[in-house]
Amino acid sequence: MTDEVFGGVLCAGFGTRLRPLTNVLPKPLLPFLNTPIVAYALERLGDAGVKRVALNLHHLPDAIPPVVDRLAAALGMEPVYAHEWEILGSGGGLRGLWHAHGEPEGTMVVLNGDSVMDTALSPHIVAHKDSEREVTLLVRPRADDQPGRVFVDEHGVLQGIRAYRRPGAPPDRELIEHDFTGVHLIDSAALSRIPLEHCDIIDTLYGPMLEAGEPIGVSVAGGFWAALDSPRLMVETAASVLRDTNRFALAPMPTPHADGMWFYSPGEISDHAEFSPPVFLGMNAKVEAGAKVGPNVVLDGAT
């Protein structure tokens, strides 16, 4: 196994739970705090030293490359694209990303295109390589609004995922349930076992590996992580960060105009408007006299 590390972002999904927003934009381009969701994934990969990243495309595919090309260039990364004429799911999608890279030897670090995090990936990549496992999954202790179904014992060993269990696994009540963050660290040896066709990664690879007693690593991610796979989660998560920007180290906030108010273009904001914080106004927002804005507003491209 070589030391090469290359990246991937899963962007092909229909974003069904995010409709009607995804009738207009693919979910990786939806703005979170006025920044496309995919930008956060690219930044995390770039921060880890990844220089080449693959993205799979299916739903509204032509919208993504013009945005990602500019973001990747700013981060010193080279993007490549895997066009899925028929959607390949979580398993075939990973194989397609690897195929777009030219199926190199090494480790592919894959993030979801509908979540944001500020966890540094480099320590997890180092730990994965040191473990000599073919797969490591980044997990977090289960949150009340997440499905969980990743079971880890007191020694940090993965014992179960969904309905799959390691041979001799303790009962679930003796295990600690976690959420999968959607971050895969997966080596080429494991990627080669996934067919380039529609399939589920857990049913096709991770579940059978677990039942066969093959080692799958888990690495617990700290910091901020949020799944943004519904309009409610988009709004609630943005509001929670606006109320406490220290929660999310990558929050793209300018210097506060006042307590709970951030204006990228304060010259476009009338002194005779009324605000109820928190309010975040982007570069292309204009607020005229008499307007009333807030609370919990993220606004750009509008007057």
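**A strand and its partners**

Modeller: Strand β8 pairs with strand β12 (residues 176–187) in the antiparallel sense over six bridges; two strands count as paired if DSSP finds at least two bridges between them. Helices (H or I, at least four residues) and strands (E, at least two) are DSSP runs, numbered from the N terminus. Please keep in mind that this is a predicted model, where local features need pLDDT of at least 70, side-chain atom pairs count only at pLDDT 80 or more, and totals for chains, interfaces and linings use all residues. Residues are numbered from 1 along each chain as its sequence is written, and side-chain values use heavy atoms, with hydrogens and water left out.

Within the β12 pairing, Val135 stands opposite Ile186. β8 also pairs with strand β13 (residues 217–220), here in the parallel sense over four bridges, and Val139 faces Val220 of β13. Five of the seven residues of β8 (residues 135–141) are buried (under 20% relative accessible area; exposed is over 50%, partly exposed in between; 1.4 Å probe, protein chains only), so β8 is largely enclosed by the rest of the structure.

Now the aromatics: rings of Phe, Tyr and Trp (its six-membered ring) pair if their centres lie within 6.5 Å, with planes under 30 degrees apart stacked, over 60 edge-to-face and the rest tilted. The count comes to six aromatic pairs. Phe32 and Phe248 make a tilted one, 6.2 Å centre to centre with 50° between the planes. Phe32 lies in strand β2 and Phe248 in the loop between α7 and β15, so this pair ties together parts 216 residues apart in sequence. Both Phe32 and Phe248 are buried, and together with Tyr40 and Phe224 they form one aromatic cluster.
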